[in-house]
Amino acid sequence: MASLNGGFHIKDMTPISMLDWEGKLATVLFLGGCNLRCPFCQNPELVLQAGDIPDIPPEDVEKYLKEKHSWIDGCVITGGEPTINHGLEFLLSRIKNSGYPIKLDTNGTRPRVLRQLIEKELVDYIAMDVKTSFDNYKLATGSRVNTETVKESAELLVKSGIETEFRTTVVPGYTKGEDILWIARYLARLNASRYTLQQFRPDRVLDPTVGRIKPYPRGFLLSLVEECNDFLPTKIR
Ligand code: SF4
């Protein structure tokens, strides 16, 4: 594989993970920066202080992937928000050329980038966050979001036929039960194949006041999963 370089910032790497791509042993690359400020974000340093974290030299990643080729199943690209990295396409093409399938995590606000990656067959699986019902996006993202971009991404992913997972972190005060059911109905109308609810963890969050919020009891999430299953297959993670 040719040397990786330029336009993207790998800030962290989990060499082997069994948790980030179901059924696969994956290497996870964390890219710096994000265009949103979700108060419950679990990678605040990648969002707020990405410039202070030294980049991992791409050559080191390249070397590792080459050495472990026989037993790693794929690469997960996460962040931060990977699609704001200008060199993302280059990074993915290098990883693809070395024979690894790629899963991309995204907040879905950059549909044009997603479209290009799909058209160029640079991704195999996309996990997209739907943060809350569209009326409440500002609260849940700490940002002004044009939800038309999120809609465009969701429709694109479903229509593209690429393996897709939509997911929501369920945070008291930010994502209520009614928001989750709204999302499930919305995804079902799109013909999305599945939906995942993620339990909120109050440790290491972007807004320190959110660190004092008590997560919903598991029983509440399970009852939401049951209700969402009336609309589309839903699970909890
Ligand atoms: S949780 Fe929000 S702020 Fe954090 S990386 Fe994802 S989109 Fe960005």
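Figure 1. Residues are numbered from 1 along each chain as its sequence is written. The model is predicted: local features need pLDDT of at least 70, side-chain atom pairs count only at pLDDT 80 or more, and totals for chains, interfaces and linings use all residues.

**Figure 2. The largest nonpolar core.** This core has 60 residues, and those with the most contacts inside it are Leu29, Cys75, Ile77, Leu92 and Ile102. A nonpolar core is a set of buried Ala, Val, Leu, Ile, Met, Phe, Trp, Tyr and Cys residues joined through C-beta atoms within 7 Å. A residue is buried if 20 or more other C-beta atoms lie within 10 Å of its own, exposed if 12 or fewer, and partly exposed in between, with C-beta atoms placed from the backbone. Leu92 touches Ile77, Ile102, Leu117, Leu122 and Val123, leaving aside residues up to four places away in sequence; contact requires C-beta atoms, placed from the backbone, within 7 Å.

Figure 3. In α8 (residues 218–228), the buried residues are Leu221, Leu224 and Cys228. Seen down the axis of α8, these buried residues fall within an arc of 60° and so line one face of the helix; the arc is that of the directions from the helix axis to the C-beta atoms. The face turned away from the buried side carries the exposed residues Gly219, Leu222 and Glu226. Among the elements covering the buried residues of α8 are β6 (163–170), α7 (177–190), β7 (195–199) and β8 (234–236). Helices (H or I, at least four residues) and strands (E, at least two) are DSSP runs, numbered from the N terminus.

**Figure 4. The loop between α6 and β6.** Gly161 is found in the loop that joins α6 (147–160) and β6. Gly161 is exposed, with 8 other C-beta atoms within 10 Å. Gly161 and Lys138 are separated by 23 residues in sequence and by 29 Å in space, C-alpha to C-alpha.

How values were computed: Contact = placed C-beta atoms within 7 Å.
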